[in-house]
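Please look over the sequence and the model shown here before reading the notes that follow.

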Amino acid sequence: MNTTGSTRTRTRWPLPDQVATWGDLEAFRASRVESGQWVFWEDRADLVLQARYDDVKPLHIELSPTYLCNFACPWCSCRSAREDWSDDDVFNHPRATPMTVMRKDKLDHVLTHLAEDQVGIMWVGGEPTMNPLMYPAALRGTELGLQQCLFTNGSLLQPKRIATLFDARLAFIRVSLNAVTPDVHQAHHDYDPRRGYAKRVMDNLRALAETGARRQGSTKVGVSVVVDERNLDDLEATAEHLCRLAEKYGHGAVSYAIFRPAFPLNTAQIDMRPDTVDRFLNAVGPDSPWNRRMREAGIDVVVPEQSLSTQNETPADLPVRDDMGCLSAGWFGEITPNADMVLCSDQYGNPDYFIGNVATTPLTALWAGEGRRTALEHARQTSCYTTSCPRNGRGYFFNRIFRQVENLRRQGRIHEVAAWMEDLRAVLPRPTHSFFL
Ligand SMILES: C[S@@+](CC[C@H](N)C(=O)[O-])C[C@H]1O[C@@H](n2cnc3c(N)ncnc32)[C@H](O)[C@@H]1O
Ligand code: SF4
Ligand code: SF4
């Protein structure tokens, strides 16, 4: 990992994944930088030291300007939100309603309220680009000083829209590519084969890489590949395609590629077999030839450990039930197309976790309100952390870390936690945004 401290004089290193624990340089380098970078938001880190978890406000929220999508990926994480929790089943029968497409007034109010607390925006969905209001809203977000990024299936972009995304200086535009062979792309995303979206996605990804390379601005172009049996055999072809793009437009034109097995969220229909993860790792895992080739082409290849470890969990890895409730919900929220704020972004639009409406109510009032208290109490009573918190997610990771903090507090060792945070700030690179946490 990249570090800021001097490697010559330092003898012990704070380990980002283990609170108040130090190790040698090798142990430090083996850990994930991002897992410790939350300490740079010192106002929130201080609230953690004071055990004021419920007062933490989001670094960014996941904002769905629409639940509509032109794809119907069987494995879609927001399938429940779009199928069961909308007023209509927009997964199978797309229809625009105020509950499924955010209208201009609401979007304006949401941005104003987010700007009051400088909360960043991850544009997600549904397919966020299916709501054309997203483009002017992204420009306004930039005027308001908000950090933003976009997750898109890449099928509906056009040259003018691509230019707008770069004008809005998004931190990154992440295309969910998933496959490059047309019939695999079609099957993995389950759209009408006559639509020919595979070619449009590849053309748009090429245009993004070309624009990024030409403009040399701060907006990175990334690619996501979520894998199950439907696209497993297309991984090498996908890696080769990315290498060609990077070679054509130069190092950094495709800034990063994140590869993960599909995760079994709510009603997501994933097709995983006992050896799927092993075959996935053989194809693009850290020791595979394609992983090396992509890195040589200048692509930062990410295969998140936490997405793999859940596949082979033993009972000893499972979290133990306690009455602490959720300690991490404040850090990352979610906003539905109706502007309802969800307690955290790991509930994927579940109405049981709504805390109030961001179009009508400022964040400060929502944080002090009854809706948030009720949702937090619901998370505590259902022991959400041990029962339904996705174990590959941020919320789960931070709940684990903050429980370690609380154990140390009980032992009278909170000063060690404070020293560990201070030391992390001395050796980790300062993050430019929170989207990778
Ligand atoms: C729900 S999508 C919404 C944005 C956009 N439609 C897209 O596909 O990028 C947001 C991200 O979640 C990822 N995702 C969806 N379902 C998943 C699953 N079951 N496991 C892992 N990642 C998933 C998608 O690949 C995408 O990167
Ligand atoms: S493209 Fe994105 S929102 Fe649409 S179905 Fe696929 S994962 Fe879900
Ligand atoms: S425990 Fe996880 S899923 Fe539950 S509210 Fe907290 S972060 Fe969200």
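This is a predicted model: local features need pLDDT of at least 70, side-chain atom pairs count only at pLDDT 80 or more; totals for chains, interfaces and linings use all residues.

Residues are numbered from 1 along each chain as its sequence is written, chains are lettered from A and ligands numbered from 1 in the order in which they are written, and side-chain values use heavy atoms, with hydrogens and water left out.

**Surroundings of the ligands**

- Ligand 3 is surrounded by Cys326, Ser328, Leu343, Cys344, Gln347, Cys384, Tyr385, Cys389, Gly395 and Asn399, where a residue is near a molecule or strand if one of its heavy atoms lies within 4 Å of it.
- The shell around ligand 3 holds six nonpolar, four polar and no charged residues; in this scheme Ala, Val, Leu, Ile, Met, Phe, Trp, Tyr, Cys and Pro count as nonpolar, Asp, Glu, Lys and Arg as charged, and the others, Gly among them, as polar.
- Helix 15 (384–387) and helix 16 (394–410) each supply at least two residues of the shell around ligand 3, and the helices (H or I, at least four residues) and strands (E, at least two) are DSSP runs, numbered from the N terminus.
- Ligand 3 sits in the largest cavity, and a molecule sits in a cavity or pocket if more than half of its atoms lie within 2 Å of its grid points.
- A cavity is defined on a 1 Å grid over the protein atoms alone, as a set of points where a 1.4 Å probe fits but cannot get out.
- Around ligand 2 are Cys69, Phe71, Cys73, Trp75, Cys76, Arg82, Gly126 and Asn153, and this shell divides into five nonpolar, two polar and one charged residue.

**Helix 2 and its buried side**

- In helix 2 (residues 42–49), the buried residues are Arg44, Ala45, Leu47 and Val48; buried means under 20% relative accessible area, exposed over 50%, and partly exposed in between (1.4 Å probe, protein chains only).
- Because these residues cover an arc of only 155 degrees around the axis, they lie on the same side of helix 2, the arc being that of the directions from the helix axis to the C-beta atoms.
- An α-helix has 3.6 residues a turn, so residues three or four places apart point the same way.
- The buried residues of helix 2 pack against helix 16 and helix 17 (414–427), where contact means heavy atoms within 4.5 Å.
- Ala45, which is found in helix 2, is buried, with a relative accessible area of 1%.
- Not counting residues up to four places away in sequence, Ala45 touches Trp38, Val39, Trp331, Met421 and Arg425.
- Ala45 and Leu437 are 392 residues apart in sequence, and their C-alpha atoms are 14 Å apart in space.

**Residues with positive phi**

- Helix 2 is followed by Ala51, whose phi is positive, near 60 degrees.
- Gln118, a residue other than glycine, has a positive phi near 50 degrees; Gln118 lies in the loop between helix 4 (104–116) and strand 4 (120–123) and counts as partly exposed at 43% relative accessibility.
- Ala339 also has a positive phi, near 75 degrees, and is found in the loop between strand 10 (332–335) and strand 11 (340–342), where Ala339 is buried with a relative accessible area of 0%.

**Other single residues**

- Arg79 is found in helix 3 (residues 79–83) and counts as buried, at 9% relative accessibility.
- Leaving out residues up to four places away in sequence, Arg79 touches Cys73, Pro74, Asp84, Phe91, Thr267 and Gln269.
- His251 lies in the loop between helix 9 (235–249) and strand 8 (256–261), and at 62% relative accessibility His251 counts as exposed.
- The C-alpha atoms of His251 and Glu296, 45 residues apart along the chain, are separated by 9.1 Å, and Glu296 is one of the residues that His251 touches.
- Arg52 lies in the loop between helix 2 and strand 3 (60–63) and is partly exposed at 39% relative accessibility.

Conventions. On a 1 Å grid over the protein atoms alone, a cavity is a set of points where a 1.4 Å probe fits but cannot get out, and a pocket is an open set with protein on both sides within 12 Å along at least five of seven lines; lining residues have an atom within 4 Å of a point.
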